[in-house]
Amino acid sequence: QVELIESGGGLVQTGGSLRLSCAVSGRPFRSFAIAWFRQTPGKEREFVAAVSWSGNSKEYADSVKGRFTISREKDKDIADLQMNSLKAEDTGVYFCAVGLQSKTRASHYNYWGQGTQVTVSS
């Protein structure tokens with residue numbers, strides 16, 4: 001059974017940092033990408049960042065480039081998202097997802113975690 005467990009969310013002030021972690025168990029595919037999305041009430045799930053199986057290929061949303069860093073040890077089933085210089089608009093529920101390739105559309109991902117709340121207060 002495939003399971004994605006997110007951790008590291010919380011409350012932080014504007015300009016602060018948080019580190020999210022996604023642990024994948026159950027090895028859904030022989031190799032897979034891990035991504036982070038976020039969602040706020042009334043809005044669609046938004047792509048944040050993704051990393052390939054090898055960890056060498058990474059994608060970022062324009063809104064987080066230069067502030068967020070996704071990392072993954074090669075062939076490991078854990079991906080971290082380091083979030084720096086946080087803004088109020090980064091607030092939302094952050095979801096971890098697994099798919100065959102590091103794409104930016106939610107429909108490309110097959111498995112999802114339950115989400116972890118990130119709140120940035122001004």
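Author: What follows is a set of questions and answers about a predicted model, each setting a value against its definition.

Reader: Why is Ala79 called buried?

Author: Ala79, which lies in strand E8, has a relative accessibility of 0%, and because buried means under 20% relative accessible area, Ala79 counts as buried.

Reader: What is Ala79 in contact with, leaving aside its neighbours within four places in sequence?

Author: Since contact means heavy atoms within 4.5 Å, the residues that qualify for Ala79 are Leu20, Ser21, Cys22, Ile34, Trp36, Val51, Ser71 and Arg72.

Reader: Which backbone atoms does the side chain of Glu6 reach instead?

Author: The side chain of Glu6 reaches the backbone nitrogen of Cys96 at 2.9 Å, and a polar atom of that side chain also lies 2.9 Å from the backbone nitrogen of Gly115. Because a polar contact is a pair of N or O atoms within 3.5 Å, the distance of 2.9 Å to Cys96 falls inside the cut-off, and so does the distance of 2.9 Å to Gly115.

Reader: What makes E4 and E5 a pair of strands?

Author: Two strands pair if at least two bridges are found between them, and E4 and E5 have five bridges, in the antiparallel sense, so they count as paired. Within this pair, Ala35 stands opposite Ala50 in E5, and the hairpin that E4 and E5 form has six residues between them, with Gly42 in the turn at a positive phi of about 85°.

Reader: How many bridges does E5 have with strand E6?

Author: E5 and strand E6 (residues 58-60) pair in the antiparallel sense over three bridges, and in E6 the bridge partner of Val51 is Lys58.

Reader: What does E5 supply to the largest nonpolar core?

Author: Of the 31 residues in that core, Ile34, Trp36, Val48, Phe68, Leu81, Met83 and Tyr94 touch the most other members. The largest share of this core, five residues, comes from E5, a strand that is mostly covered, with five of its six residues buried.

Note on methods. Residues numbered from 1 in each chain as written. Predicted model: local features only at pLDDT ≥ 70, side-chain atom pairs only at ≥ 80, totals over all residues. Heavy atoms only, no water. Core = buried A, V, L, I, M, F, W, Y, C linked by side-chain atoms within 4.5 Å. Buried < 20%, exposed > 50% of the residue type's maximum accessible area, 1.4 Å probe, protein only. Helix = DSSP H or I, 4+ residues; strand = E, 2+ residues; numbered from the N terminus. Polar contact = N/O pair within 3.5 Å; in protein donor to acceptor, adjacent residues only side chain to side chain.
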